[in-house]
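Good morning, and thank you for the time on the agenda.

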Amino acid sequence: MPTDTFKNLPQEKKEKIIKSAEKEFARVPFAETSIKNIVENAGIARGSFYQYFESKEDLLEYIISNHAIMVNKSIEEKFYNTNGDIFEVFISIYDNVIEQCIIKEDMELYKNILENMKNTEEGIFFSNMKKYKPKDISEYYNFINKEKLNVKNEDDMKLIIKMLDNITKRAIIMSFKHNDKSKAKIDYLKMINYLKFGIMKKERE
């Protein structure tokens, strides 16, 4: 993780180093990445790099952990801003993933990271990286407003979360196969509303 020297750098310089690292980690598999390319693109001396991080593994760990922290913070803020609306939280997750994946560099970065995590030859380092994944939505149980939900207990809520998670993941995958992104979003919102309000017509009393 970063040293105090890195933490005390001006924000602009820190962002430049991180952007340079993300670009390099997105370019090729991690084993082929080069500190030389990172420092050259960031406009810093190689010696300075080691004043900020112990290694490129250390830098990647920081990037992934920072990403997880930002995702968690974003989800918590969404719960707060929507008064605990679980449906709005999943819609925001859908929007954020679609927005990130439009940027090719971001797609390649996380693709390379995931591929390396699957590669057992990378050893303990990439196994440890899994601990930095964002929280599961079920961990936000106490943030969810359950007043208008037909749930009896935590197990019911976990089932609803699982359904929303499956719908959202599938919708994200389908959006990249859809020529019209706005139509893909409309279809996703329809699925959310069917789950939220039901499919059967209500009988008149």
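What volume does the second largest pocket have? It comes to about 520 Å³. Before I go further, a word on the basis: this is a predicted model, in which local features need pLDDT of at least 70 and side-chain atom pairs count only at pLDDT 80 or more, while totals for chains, interfaces and linings use all residues. Residues are numbered from 1 along each chain as its sequence is written, and side-chain values use heavy atoms, with hydrogens and water left out.

A pocket here, on a 1 Å grid over the protein atoms alone, is an open set of points where a 1.4 Å probe fits, with protein on both sides within 12 Å along at least five of seven lines; lining residues have an atom within 4 Å of a point. Points are joined across faces, edges and corners, and the volume is the space filled by probe spheres set on them.

The second largest pocket is lined by 17 residues, and those nearest its centre are Phe 87, Lys 148, Leu 149, Asn 150 and Lys 196. Helices α6 (86-102), α9 and α10 (181-197) each supply at least two lining residues, with the largest share, three residues, coming from α10. Helices are DSSP runs of H or I, at least four residues long, numbered from the N terminus.

Let me turn to the salt bridges, each defined as a side-chain nitrogen of Lys or Arg within 4 Å of a carboxyl oxygen of Asp or Glu. The count by this rule is seven. Two of them belong to helix α9, residues 154-175. In one, Lys 158 pairs with Glu 154 at 4.0 Å between the closest N and O atoms; in the other, Asp 165 meets Lys 169 at 3.1 Å. Each pair is four residues apart, about one turn of the helix. Lys 158 is partly exposed at 40% relative accessible area, as is Lys 169 at 49% (partly exposed lies between buried, under 20%, and exposed, over 50%, with a 1.4 Å probe and protein chains only).

Helix α3 (residues 35-42) holds Glu 40 and Lys 36, also four residues apart, and their closest N and O atoms are 3.0 Å apart.

Finally, is Ser 65 buried or exposed? Ser 65, in helix α5 (residues 56-81), is buried at 5% relative accessibility. Leaving aside residues up to four places away in sequence, Ser 65 touches Met 1 and Tyr 132, contact meaning heavy atoms within 4.5 Å.
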